[in-house]
Amino acid sequence: MDSRLHIIAGFKDGGSYVKDLYVSLPFRVVSVGQRKSDNKLYQMVMSSSPGILDGDHYHLNIELEKGASLQLQSQSYQRLFNMKDKAVQELHVKMEDHTSFAYVPHPVVPHEDSNFQSKANIHIGKNSQIIISEIITCGRKHYGEVFKLKRFQNLMQIYHENKLVIRDNVVIQPDLIPINCIGNLEQYTHQGTLIFYTTKENGDRNNLIETIVEWAEQHKEEMEAGVSAMEDNGFVVRALGHGGELMYNFFLQIQEILWSLE
């Protein structure tokens, strides 16, 4: 199925709003921030499909006009079903100046023989920030499907002023790269990545990193996490663990503090 989602977040009279929205099956988008008073836009992407199927091609296009703030949320865990060929997802985000975008979706659950390729190209303007993450699980562990997927790839590229500033490429292919080897996931079954990048000049990155490290210490029995500072004003959080829910809630906690930055 060739499916499309296109959201344009506008900004008017001090608040963000849905300026334009187009979806095709199986997508549906609903507003979820009615009770918030920060004048930012909150949208949840829902799907009538049980998951991503063989041959699916998802096109996600997000645009933020000057001044807009959009937080995109997912409905539930994303299942990748058994595939003979593969499925593809393409995410394109265009952020004008003075914008904020956040997308911290639920974990991905790859079923046996799934083959999924995700690409994200993000263009960020001046005085703007982005929070984006992904969590990949081992699959349906209770069904004996521990890393029985064919291949999983998530390639994320962030540009500022037409210059590539971040390139993150996560590839899991058990037949070529042993999952349990040193330098890979070793004894863990879940891997998460959260990227924060800002073109604002007043960010206190070091204090933010220290706070995240302190939070991670509270869960060190179930999860290991580390933070890598970028040359510019941003950082990457990597997490390894044995459960998706803890890691997802940890990323939501990080999103909350970053989303409140002005």
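The dialogue below treats a helix, the nonpolar cores, a loop residue, and the cavity and pocket.

Analyst: This is a predicted model, in which local features need pLDDT of at least 70 and side-chain atom pairs count only at pLDDT 80 or more, while totals for chains, interfaces and linings use all residues. Residues are numbered from 1 along each chain as its sequence is written, and side-chain values use heavy atoms, with hydrogens and water left out.

User: Which residues of α1 are buried?

Analyst: Buried means under 20% relative accessible area, exposed over 50%, and partly exposed in between (1.4 Å probe, protein chains only). Helices (H or I, at least four residues) and strands (E, at least two) are DSSP runs, numbered from the N terminus. In α1, which covers residues 205-217, the buried ones are R205, L208, I209, I212, W215 and A216. Because they span an arc of only 120° around the axis, they lie on the same side of α1; the arc is that of the directions from the helix axis to the C-beta atoms. N206 and E214, on the other side of α1, are exposed.

User: What do the buried residues of α1 pack against?

Analyst: Contact means heavy atoms within 4.5 Å. The buried residues of α1 pack against the strands β15 (190-198), β16 (223-229) and β17 (234-241), and against α2 (244-259).

User: Which members of the largest nonpolar core touch the most other members?

Analyst: A nonpolar core is a set of buried Ala, Val, Leu, Ile, Met, Phe, Trp, Tyr and Cys residues joined through side-chain atoms within 4.5 Å. Of the 45 residues in the largest one, I62, L64, F101 and I130 touch the most other members. Another core, of 23 residues, lies apart from it and includes F196, L208, Y248 and W259.

User: Is R35 buried or exposed?

Analyst: R35 is exposed, with a relative accessible area of 85%. Its place is in the loop between β3 (27-31) and β4 (41-47).

User: Which residues line the largest cavity, and what is the volume of the largest pocket?

Analyst: On a 1 Å grid over the protein atoms alone, a cavity is a set of points where a 1.4 Å probe fits but cannot get out, and a pocket is an open set with protein on both sides within 12 Å along at least five of seven lines; lining residues have an atom within 4 Å of a point. L5, V45, L60, I62, L72, L91 and Y103 line the largest cavity. The largest pocket has a volume of about 570 Å³, a volume being the space filled by probe spheres set on the points, which are joined across faces, edges and corners. Of its 33 lining residues, S74, Q78, Q89, Y103 and P105 are the closest to its centre.

Methods
Expected span 1.5 Å × (residues − 1).
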